Amino acid sequence: KKKKKKDVHRAPQNTATMPNIFLFVPNLIGFARVILGIASFFFMQDSPLTAMALYWLSAFLDAFDGMAARAFNQSTRFGAVLDMVSDRCTTLALIMMLAVFYPSHAVYFQLVAVLDIGSHWIHMYSSLSSGKSSHKQIDLRANPVLRLYYESRAVLFIMCSVNEIFFMALYFAHFFSGPYLSMFGYTMGMWEWVARITFVPCAAKHFIRCREKRKWKFFCSSPFVSLSRTPPRPPPPPCTALFKWLRQLATSATWTKKRSASAAAEAAHIKTS
């Protein structure tokens, strides 16, 4: 009796034992952050305390999804992407609200949003394309400032927190003038002081994102975006080659028929003459 060939496309039998990454603890924290971020959108226009409480809680949970991933050994690429997407979308929503509150500075908020989304997307694309499981894993040969930024959890936490505090201070300054403080010969509201103090670290964070030369080089050398190198064309399917051969055959047959007809006409002309 001939043995039946195994179906290579058959699904594995032990699918029940495969872990469901959507139920991993860090990913559940990520889902909670997304829900809290979306909930804050409904209160941003007229309820600043409720909106920022939900927004801050969503940002604060960012410190625990990584800890849970390391504690339970549940680090996945899906979790890394979910972490970055939830961060960028909530921050982008707050920047959009600030552009509405401060229309004269809308172009600056637009530039910050484009830089933030673009730099993080390129960083994530380069990290995952190079085989890394997280965008926070960088090459040790990178710039020492980048190495300190990504390897020191305290520095990374402080820089990200200051970035969020800057945008939250601008948001609160639109609703509350706050107690007025006099420093360095200037008198301003508390939230305006907070925004001015955190502006420099916030700008430094975005400048560091633009200094990731290796990520930009890796991204620009990709065949999907490179202007100097195009990916090789795939071979034509068999039907295309067949149609091309039939077209050439028909062309050659037509040319042979015309040549025979012209030779016969020339022979008849010579015979009559």
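**A walk around the helices**

Start by selecting helix H6, residues 144–151: its buried residues are Leu146, Tyr149 and Tyr150. Look down the axis of H6 and those buried residues fall within an arc of 85°, so they line one face of the helix. The arc is taken from the directions running from the helix axis to the C-beta atoms. Buried here means under 20% relative accessible area, with exposed over 50% and partly exposed in between (1.4 Å probe, protein chains only). Helices (H or I, at least four residues) and strands (E, at least two) are DSSP runs, numbered from the N terminus.

A quick note on what's on your screen: this is a predicted model, where local features need pLDDT of at least 70, side-chain atom pairs count only at pLDDT 80 or more, and totals for chains, interfaces and linings use all residues. Residues are numbered from 1 along each chain as its sequence is written, and side-chain values use heavy atoms, leaving out hydrogens and water.

Next, select H3, residues 62–71, and pick out its buried residues, Asp65, Ala68 and Ala69. They sit on the same side of H3, because they cover an arc of only 100° around the axis. Just past the end of H3, click on asparagine 73, which takes a positive phi of about 55°.

Finally, zoom out. The protein has 10 helices and two strands, in the order α-α-α-α-α-α-α-β-β-α-α-α along the sequence. Of its 273 residues, 31% count as buried.
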